[in-house]
Structures are given as structure tokens and as C-alpha cells.
Amino acid sequence: MMAVVEPDTRQLVYSRLDSSTAKLLYCSLAAEHAASARELAGRLNEPLLTVWSVLRTLERKGVVRCRRGSEGRVYEAVPPSEQQGDGD
């Protein structure tokens, strides 16, 4: 599954994200707006531990943010216009 994303989002994905899993997670969040790690793992058929690890890396890069929802942690893609620097 590849989500339909805006051109500036596509540019971010190809320039700042290295792994195919990171690209897939970010595009899924950009298209769906928010999801838990468990939802992402199921939707993308990726192991949950892999999804958690990649989400932490994306948080450190500043391209994903986490918030507490009523059912636990929910992740959102940070729009390219709100991102700062590399976060490395």
C-alpha cells in the first residue's frame, strides 16, 4: 500500500528518510492523519517491534509526533512545513 501524498511530503520522504519502513510509516501517517503503533503494524503487515523502533527514530528526526489518546499512544506525521532541521 502506498498512500497518496502531497509533492512536498514526497520530497521529504525521499530526502530525509532512509529505510523503506520509515518511508512507508510516514506516508501512511500522512495519509491517515493518526494511528497507534499496533494499527500501523496491522495495516502495513510489519512486526510491532519494528514499527515501535522506527516510530522512535522518526520522532527523534522530528517528522512524527506522539500524543496520548484515550486508548494509548497515537502517532501523527508532522507536516513538512512544521519540521525543523534534521533532528540528528
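Read along the sequence, the chain runs α-α-α-α-β-β. This is a predicted model, in which local features need pLDDT of at least 70, side-chain atom pairs count only at pLDDT 80 or more, and totals for chains, interfaces and linings use all residues. Residues are numbered from 1 along each chain as its sequence is written, and side-chain values use heavy atoms, with hydrogens and water left out.

**Overall fold**
- The chain has 4 helices and 2 strands. Helices (H or I, at least four residues) and strands (E, at least two) are DSSP runs, numbered from the N terminus.
- Of the 88 residues in the chain, 38% are buried (under 20% relative accessible area, 1.4 Å probe, protein chains only).
- Among contacts (heavy atoms within 4.5 Å) with a separation of 6 or more, 50% join residues 24 or more positions apart.

**Surface**
- The accessible surface is about 5,400 Å², and carbon and sulfur atoms hold 46% of that. Areas come from the Shrake-Rupley method with a 1.4 Å probe.

**Second largest pocket**
- This pocket holds about 170 Å³ of space. A pocket is an open set of points on a 1 Å grid where a 1.4 Å probe fits, with protein on both sides within 12 Å along at least five of seven lines. The volume is the space filled by probe spheres set on the points, which are joined across faces, edges and corners.
- Its lining (residues with an atom within 4 Å of a point) includes Ala35, Ser36, Arg38, Glu39 and Gly69. Ser70, Glu71, Gly72, Arg73 and Val74 also line the pocket.
- α3 (37-44) and β2 (72-77) each supply at least two lining residues. β2 gives the largest share, 3 residues.
- The lining divides into 2 nonpolar, 4 polar and 4 charged residues. Asp, Glu, Lys and Arg count as charged; Ala, Val, Leu, Ile, Met, Phe, Trp, Tyr, Cys and Pro as nonpolar; the others, Gly among them, as polar.

How values were computed: Buried < 20%, exposed > 50% of the residue type's maximum accessible area, 1.4 Å probe, protein only.
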